Amino acid sequence: MKLYSLSVLYKGDSKAILLKAAYDVSSFSFFQRSSVQEFMTFTSQLIVERSEKGSRASVKEQEYLCHVYVRNDGLAGVVIADNEYPSRVAFTLLEKVLDEFSKQVDKIDWPVGSPATIHYTALDSYLSRYQNPREADPMTKVQAELDETKIILARKQNSCCEIM
């Protein structure tokens with residue numbers, strides 16, 4: 001499971017404006033990184049432009065899964081992950097980031113903002129923390145612990161049956 005990109009955009013009337021983004025392109029070769037990052041930026045903008053306000057969607061693009069959430073106020077977030085990353089965790093992350101972003105950055109700055117002018121520094125830490133959904137998301141952690149408990153109980157039950 002891997003997160004590659006976390007972006008905050010503003011969906012304007014004609015186009016989507018990138019406000020802030022964080023990328024993890026460390027798994028790509030050095031020479032591919034800038035073109036992969038450009039691809040992710042372009043894809044994020046395109047998906048937001050084609051999404052309705054107040055909608056959530058997951059879009060498959062090549063070997064990536066792009067999760068988009070566009071709020072009614074035009075603020076949008078995109079997570080680009082591999083196919084194994086849980087959708088529910090991606091949307092939880094987007095909701096958390098957009099809520100925090102809207103509290104820290106004035107709404108009047110959204111239509112005219114850019115990554116250079118918007119001061120919001122939490123994206124890199126969210127991208128890093130959510131690389132492991134089991135650690136970042138409480139519900140995923142509980143589900144994983146429950147699955148492990150089931151495996152242990154099944155093994156104990158099998159070993160008890162073999163003894164008899």
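Predicted model: local features only at pLDDT ≥ 70, side-chain atom pairs only at ≥ 80, totals over all residues.
Close-up A. The side chains of Asp99 and Arg71 meet in a salt bridge, with an N to O distance of 3.2 Å. This pair links distant parts of the chain, since Asp99 belongs to helix H2 while Arg71 sits in the loop between strand S4 (64-70) and strand S5 (75-82), 28 residues apart. Through salt bridges that share partners, Arg71, Asp73 and Asp99 are joined into one network.

**Close-up B. The salt bridge between Arg56 and Glu95.** In this view, the closest N and O atoms of Arg56 and Glu95 are 3.0 Å apart, and the two residues form a salt bridge. Distant parts of the chain are again linked, with Arg56 in strand S3 (residues 55-61) and Glu95 in helix H2 (residues 87-104), 39 residues apart. Arg56 is partly exposed at 41% relative accessibility, and Glu95 is likewise partly exposed, at 34%.

**Close-up C. The salt bridge between Lys2 and Asp24.** Here the side chains of Lys2 and Asp24 come together in a salt bridge, at 2.7 Å from N to O. Lys2 lies in the segment before strand S1 (3-11) and Asp24 in the loop between strand S2 (16-23) and helix H1 (33-50), so the pair ties together parts that are 22 residues apart in sequence. Lys2 counts as buried at 17% relative accessibility, and Asp24 is buried with a relative accessible area of 17%. A search of the whole structure finds four salt bridges, among them this contact between Lys2 and Asp24.

Notes. Residues numbered from 1 in each chain as written. Heavy atoms only, no water. Helix = DSSP H or I, 4+ residues; strand = E, 2+ residues; numbered from the N terminus. Buried < 20%, exposed > 50% of the residue type's maximum accessible area, 1.4 Å probe, protein only.
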